Amino acid sequence: MVPTGTNSERTAHGATPAPARAAATGRVPAQRAAPGPAPGSVPTTDPGHAPGRAPAEPQSRPTRPRPARRGRLRRAGESAYGLLLLGRHVVMALVVLVVLVAGAWTSWGTAQHAMLTKGKERGTLTVAACHDDWCTGPFTAGAAGADHPKVRIDATVTDGKGQRIPVVLKPGTHDAVRTGLPGLLYAWVPLGGALLLASVLLAGALRLHRSAWALGLAGLGVLGAAFVGL
């Protein structure tokens with residue numbers, strides 16, 4: 001009958017352990033593989049600590065370069081240049097305003113008599129003679145007023161000797177102003193010229209092209225209407 005005993009007892013009584021037997025025979029026991037992830041699970045890896053890669057360094061935000069401070073002389077020069085431009089625009093705007101006011105004032109000096117005829121001597125002028133700038137002839141009063149043997153009128157508003165023109169006399173003078181639509185249009189001719197000149201100034205000096213076109217077209221309209229009416 002073979003005596004039985006535990007493994008430790010058999011080893012103690014001369015049994016050779018497994019590592020010793022492997023070393024004696026020249027064989028190396030296979031190592032157990034590390035337990036892998038469970039089926040269906042997503043492996044979590046750290047990109048900064050991936051095997052074979054160095055840990056990623058934190059990226060620093062790019063800093064914007066600070067603008068260099070401008071020198072006092074340069075800033076003073078820019079301020080002076082800006083003041084010069086502003087002064088130029090103000091002066092040219094005043095010039096345009098003066099031109100328009102002068103044209104309107106000149107036109108109103110004649111247009112007021114052609115438009116506001118109440119209380120003034122109205123009648124008909126028969127052109128008898130014409131000189132360089134003026135035509136003269138007898139004035140025949142209408143419902144109110146007295147006849148005058150000789151009054152004068154601007155030669156531009158007449159067609160020559162023998163024409164009969166409806167006119168109104170300027171108070172206290174022998175100067176006649178043509179009434180009706182032709183006379184009214186002719187009275188505003190100075191304003192039309194002022195509008196044309198102002199449009200050129202606006203476009204050339206102030207670069208206000210839309211306003212210049214508006215004034216220019218208005219001036220051309222006034223001049224064209226006066227030319228056709230006369």
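# Exercises on a predicted model

T179 touches T117, P166, V167 and V168, leaving out residues up to four places away in sequence. The model examined here is predicted.

**Exercise 1. Determine where T179 is found and whether T179 is buried or exposed.**

Solution. T179 is found in the loop between β6 and α4.
Step 1: apply the cut-off. T179 has a relative accessible area of 14%, and buried means under 20%. T179 is therefore classed as buried.
Step 2: list the contacts. Among the residues that T179 touches are P166, V167 and V168.

**Exercise 2. Describe the largest nonpolar core and state which elements give two or more residues to it.**

Solution. Step 1: give its extent. The largest nonpolar core has 13 residues. Those with the most contacts inside it are L125, F139, V151, I153, V167, L169 and A176.
Step 1: assign the elements. Two or more residues come from each of β3 (134–141), β4 (148–154) and β5.
Step 2: follow one member. Leaving aside neighbours within four places in sequence, A176 is in contact with R152, I153, V167, V168 and L169.
Step 3: look beyond this core. Another core, of ten residues, lies apart from it and includes V99, A194, A198 and L201.
Step 4: In soluble globular proteins, nonpolar side chains tend to be buried together.

**Exercise 3. Characterise V177, and state which residues lie nearest the centre of the largest pocket.**

Solution. Step 1: locate the residue. V177 lies in strand β6 and is buried, with a relative accessible area of 5%.
Step 1: list its contacts. Not counting residues up to four places away in sequence, V177 touches T110, H113, A114, P166, V167, V168 and K170. V177 and I153 are 24 residues apart in sequence, with their C-alpha atoms 6.5 Å apart.
Step 2: turn to the pocket. The largest pocket has a volume of about 320 Å³ and is lined by 18 residues. T110, D154, K170, V177 and Y186 lie nearest its centre.
Step 3: assign the lining to elements. At least two lining residues are supplied by each of α3 (72–115), β4, β6, α4 (180–187) and α5.

**Exercise 4. Compare the accessibility classes of S199, G142 and R207.**

Solution. Step 1: consider S199. This residue lies in helix α5. S199 counts as buried, at 8% relative accessibility. A polar atom of the S199 side chain lies 2.5 Å from the backbone oxygen of L196. S199 also touches A212, L215 and G216, not counting residues up to four places away in sequence.
Step 1: consider G142. This glycine is found in the loop between β3 and β4 and is partly exposed, with a relative accessible area of 46%. Neighbours within four places aside, G142 is in contact with R122 and G123.
Step 2: consider R207. The loop between α5 (189–206) and α6 (209–229) contains R207. R207 has a relative accessible area of 54%; exposed means over 50%, so R207 is classed as exposed. The phi of R207 is near 60°, a positive value in a residue other than glycine.

Key: Residues numbered from 1 in each chain as written. Predicted model: local features only at pLDDT ≥ 70, side-chain atom pairs only at ≥ 80, totals over all residues. Heavy atoms only, no water. Helix = DSSP H or I, 4+ residues; strand = E, 2+ residues; numbered from the N terminus. Buried < 20%, exposed > 50% of the residue type's maximum accessible area, 1.4 Å probe, protein only. Polar contact = N/O pair within 3.5 Å; in protein donor to acceptor, adjacent residues only side chain to side chain. Contact = heavy atoms within 4.5 Å. Core = buried A, V, L, I, M, F, W, Y, C linked by side-chain atoms within 4.5 Å. 1 Å grid on protein atoms, 1.4 Å probe; cavity = no way out; pocket = protein on both sides within 12 Å on 5 of 7 lines; lining within 4 Å. Points joined across faces, edges and corners; volume = space filled by probe spheres on them.
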